[in-house]
Amino acid sequence: MSLKSKVALVTGASSGIGKATAVKLAANGFRVGLAARRVDRLVEIEQEIRRAGGEAIAIEMDVVSEASVEAGVKGLVEAFGAVDIVFNNAGLMPISDVETLKTAEWHRMVDVNIKGVLNTTAAVLPYMIAQSSGHIVTTSSIAGRKVFPGLSVYCATKHAMTAFSEGLRLELAPKHNIRVTCIQPGAVETELFEQITDENYASQMEGLKEQMTFLKADDIADTVLFALQAPAHVNVAEIFVLPTQQAW
Ligand SMILES: NC(=O)c1ccc[n+]([C@@H]2O[C@H](COP(=O)([O-])OP(=O)(O)OC[C@H]3O[C@@H](n4cnc5c(N)ncnc54)[C@H](OP(=O)(O)O)[C@@H]3O)[C@@H](O)[C@H]2O)c1
């Protein structure tokens, strides 16, 4: 199978980094499963991709639900015959100080940012092992390398993803020919900050936009494509990509 006919599942494809990556992969010949909860948006993106001559299908998926993820992956395989790549990208960042005890937000981050990735990885892995090839790309963050006040739980979830990716690489790459890439972006202009309910942190994060030119979602899409297009013997294990002006 040529690189250009590969099938990629992208979670969090309804906006931001996931949307940009899905559109870029489709423009480069990948067949793309667009997964998220807001299916109306996914259908629009699917149509945009098809109008441009690419192949994609919208898949309503809540990554927190194992049943939803399994059904979505099954639908993708029925439509395109395989799943060669997963971009584990769905995530959220409702940050706050620990002492404010926004425990529902902590649990939501653990559910989506950690368990969601475990669910999608578990759903695609049997197909990849059976075909002795695959590529698992996960969006961690600069918050998966460093810790910042107000981001304790978010950082914990993203550190977990950095660790999980490295564990996957060690276990799967040599034995099953499955490559594993962990993407660690700095500040990217997306809808991510809209989830922040703490007014202080919401305005602090918005203020960052005046201090630096954020990365565009398309910049991260370029890094994903770079890792996917590397020759088969090359595993790009980590990509740490930041705005040039980001000083932390
Ligand atoms: N923006 C940054 O500065 C930055 C930096 C480093 C890392 N990241 C990471 O990049 C990833 C993408 O975020 P983004 O910046 O592109 O933000 P975004 O525009 O808010 O996108 C988040 C995506 O996650 C999806 N999602 C959330 N909960 C979901 C669920 N339960 N099931 C399925 N999909 C779900 C959303 O879709 P639905 O709401 O339609 O389900 C949406 O498509 C996240 O993992 C984030 O932590 C972002």
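Mentor: Welcome! Before we start, one definition: Ala, Val, Leu, Ile, Met, Phe, Trp, Tyr, Cys and Pro count as nonpolar, Asp, Glu, Lys and Arg as charged, and the others, Gly among them, as polar. Keep in mind too that this is a predicted model.

Trainee: Thanks! By class, how many residues in the shell around the ligand are nonpolar, polar and charged?

Mentor: There are 30 residues around the ligand, and G12, G16, R37, R38 and G91 come nearest. Gly counts as polar and Arg as charged. Over the whole shell, the classes come to 14 nonpolar, 12 polar and 4 charged residues.

Trainee: Which element gives the largest share of the shell around the ligand?

Mentor: Two helices, α1 (16–27) and α4 (103–131), each supply at least two residues of that shell. The largest share is 3 residues, and it comes from α1.

Trainee: Stepping back, what is the radius of gyration of the chain?

Mentor: The chain has 7 helices and 9 strands. For 248 residues the globule rule gives 18 Å, and the chain comes close to that, so it is as compact as a globular protein of that length; its radius of gyration is 17 Å.

Trainee: Where are the residues of strand β1, buried or exposed?

Mentor: Strand β1 covers residues 7–11. In a regular strand the side chains alternate between the two faces of the sheet. Here V7, L9 and T11 lie on one side, with A8 and V10 on the other, and both faces are covered. That makes 5 of the 5 residues, so β1 is largely enclosed by the rest of the structure and its residues are buried.

Trainee: What is the bridge partner of T11 in β2?

Mentor: Strands β1 and β2 (residues 31–36) run parallel and are joined by 5 bridges. On the β2 side, T11 has as its bridge partner A35.

Trainee: Which residues does A22 touch, leaving out those up to four places away in sequence?

Mentor: In soluble globular proteins, nonpolar side chains tend to be buried together. The largest nonpolar core here has 67 residues, and A22 is listed with A8, L9, V10, V32, L34 and I220 as having the most contacts inside it. Beyond its sequence neighbours, A22 touches V10, A13, V32, L34, I45 and A56.

Trainee: And G207, is that residue buried or exposed?

Mentor: You will find G207 in helix α6 (residues 199–211). G207 has 9 within 10 Å, so G207 is exposed.

Key
Residues are numbered from 1 along each chain as its sequence is written. This is a predicted model: local features need pLDDT of at least 70, side-chain atom pairs count only at pLDDT 80 or more; totals for chains, interfaces and linings use all residues. A residue is near a molecule or strand if its C-beta atom, placed from the backbone, lies within 6 Å of it. Helices (H or I, at least four residues) and strands (E, at least two) are DSSP runs, numbered from the N terminus. The radius of gyration is taken over C-alpha atoms; the globule rule is 2.2 Å times the number of residues to the power 0.38. A residue is buried if 20 or more other C-beta atoms lie within 10 Å of its own, exposed if 12 or fewer, and partly exposed in between; C-beta atoms are placed from the backbone. A nonpolar core is a set of buried Ala, Val, Leu, Ile, Met, Phe, Trp, Tyr and Cys residues joined through C-beta atoms within 7 Å. Two residues are in contact if their C-beta atoms, placed from the backbone, lie within 7 Å. Two strands pair if DSSP finds at least two bridges between them.
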